[in-house]
Amino acid sequence: MKQINLTVLALLIGLFSFAQQTDSDAIVGNWYNQEKDGVVEIYKFGDRYNGKIIWMEAPNDENGNPKVDNLNPNKDLQSRERMGMEIMYNFKLDEDNAWSDGQIYDPKSGKTYSGTITLKDKNTLDLRGYVGFPIFGRTAVWTRKLD
């Protein structure tokens, strides 16, 4: 009888632990950046997560032309339009509510950073960009775009 109780208890603990695990696709969706002047669609690509710009408050420059990636250090990429541009690459689920090993490109500065994502709740994430070590970085809070 004791062995049956222990088996049932182990099964219940296993089921409870499984139910508590984070959905690895929980970050998939559309997210406002911290300034709320852009929306990035985070999507799954294989076993990794990428993101691209799908909305900008001001998509055109002062001449009415689409904004381009003019600050990119690669001259060949400076004429590409910001709208539709991939700016997040290769994030992978690391642990519950955390994705790591990604890269973040900031078209406002032309710089690329290593990155991590922490899901604070289903509609809020912390996106940390850094050079070298995460301690030397900056965290931006993004909010899910709810339609």
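The exercises below work through the fold, the aromatic pairs, the surface and some local features of one predicted model.

Because the model is predicted, local features need pLDDT of at least 70 and side-chain atom pairs count only at pLDDT 80 or more, while totals for chains, interfaces and linings use all residues. Residues are numbered from 1 along each chain as its sequence is written, and side-chain values use heavy atoms, with hydrogens and water left out.

**Exercise 1. Describe the secondary structure of the chain and state what share of its residues is buried.**

Step 1. With buried meaning under 20% relative accessible area, exposed over 50% and partly exposed in between (1.4 Å probe, protein chains only), 31% of the 147 residues in the chain are buried.

Step 2. Taking a contact as heavy atoms within 4.5 Å, 40% of the contacts between residues at least 6 apart in sequence join residues at least 24 apart.

**Exercise 2. Find which parts of the chain the pair of Y49 and W99 ties together, and classify the geometry of the pair.**

Step 1. Rings of Phe, Tyr and Trp (its six-membered ring) pair if their centres lie within 6.5 Å, and planes under 30 degrees apart count as stacked, over 60 as edge-to-face and the rest as tilted; the structure holds three such aromatic pairs.

Step 2. The ring centres of Y49 and W99 are 6.5 Å apart and the planes stand at 80°, so this pair is edge-to-face.

Step 3. Because Y49 belongs to strand β3 (residues 48-56) and W99 to strand β5 (residues 98-106), the pair ties together parts that are 50 residues apart in sequence.

Step 4. Y49 and W99 are both buried.

**Exercise 3. Determine whether F133 and F136 are buried or exposed, and how their rings are arranged.**

Step 1. The centres of the F133 and F136 rings lie 6.4 Å apart with planes at 65°, so the pair is edge-to-face.

Step 2. F133 has a relative accessibility of 56% and therefore counts as exposed, and F136, at 57%, is exposed as well.

Step 3. I135, which lies in the loop between β7 (124-130) and β8 (137-144), counts as exposed at 68% relative accessibility.

**Exercise 4. Identify the rings over which the charged ends of K52 and R80 sit.**

Step 1. A charge sits over a ring if NZ of Lys or CZ of Arg is within 6 Å of the ring centre and within 35 degrees of the ring normal.

Step 2. The charged end of K52 sits over the ring of Y43, 5.9 Å from its centre, and that of R80 over the ring of Y105, at 5.7 Å from the centre.

Technical notes: Helix = DSSP H or I, 4+ residues; strand = E, 2+ residues; numbered from the N terminus.
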